[in-house]
Amino acid sequence: GVSGVPVTARTLPCFVERTTDIDGDMLRFIIKEGRNRQIRKMCSELGLLVTSLHRKKFAGVTLEGCKDPGSWKDMSDKELIDIGAEKGPTRDELRSPEERARRKMKKLNKRRKRKLGY
């Protein structure tokens, strides 16, 4: 991998793999946390020219189901929640009614104690 290339902010490490295909040499970057133009900036610092970039996956969403460049697919509810486009259930909504009641009582008792000076 490439190390010591400054970017605008610290990020998680990335993995870089050199491959060759009919178009020539290519670099394959695997990043967990990307910043704006991060790959272009890292390559520029090393004197490399980026001629094209292709994102394979973002926030768990892949291009699976898209057959040609420019084609699209409807995203599943889970994918929409994963990227933050839709709101998923809150922690409280995921709890059973009994657990919600228990937590509510605990919170009320804590307030009462504080009010009485315990």
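Which residue follows helix 4, and what is its phi?

Modeller: Helix 4 is followed by Gly117, and the phi of Gly117 is positive, near 85°. Before going further, a word on the ground rules. This is a predicted model, so local features need pLDDT of at least 70 and side-chain atom pairs count only at pLDDT 80 or more, while totals for chains, interfaces and linings use all residues. Residues are numbered from 1 along each chain as its sequence is written, and side-chain values use heavy atoms, with hydrogens and water left out.

Now to the helix itself. Helix 4 covers residues 97-116; helices here are DSSP runs of H or I with at least four residues, strands are runs of E with at least two, and both are numbered from the N terminus. The 20 residues of helix 4 should span 28 Å at 1.5 Å a residue, and its end C-alpha atoms are 29 Å apart, which agrees. That expected span is 1.5 Å times one less than the number of residues. The number of buried residues in helix 4 is zero, so this helix lies largely in the open. Buried means under 20% relative accessible area, exposed means over 50%, and partly exposed is in between (1.4 Å probe, protein chains only).

Stepping back, the chain has four helices and four strands, running β-β-α-β-β-α-α-α from the N terminus on. The radius of gyration of the chain is 24 Å, well over the 13 Å that the globule rule gives for 118 residues, so the chain is more spread out than a compact globule. That radius is taken over C-alpha atoms, and the rule is 2.2 Å times the number of residues to the power 0.38. The C-alpha trace spans about 75 × 40 × 20 Å along its principal axes, and buried residues make up 9% of the 118 residues.

Val61, in strand 4 (residues 61-62), is buried, with a relative accessible area of 14%. Leaving aside neighbours within four places in sequence, Val61 is in contact (heavy atoms within 4.5 Å) with Lys56, Met75, Glu79 and Ile83. Arg28, in strand 2 (residues 24-30), is partly exposed at 45% relative accessible area. With the neighbours within four places again set aside, Arg28 is in contact with Phe15, Val16 and Glu17. The C-alpha atoms of Arg28 and Val16 are separated by 5.6 Å, although these residues are twelve apart along the chain.
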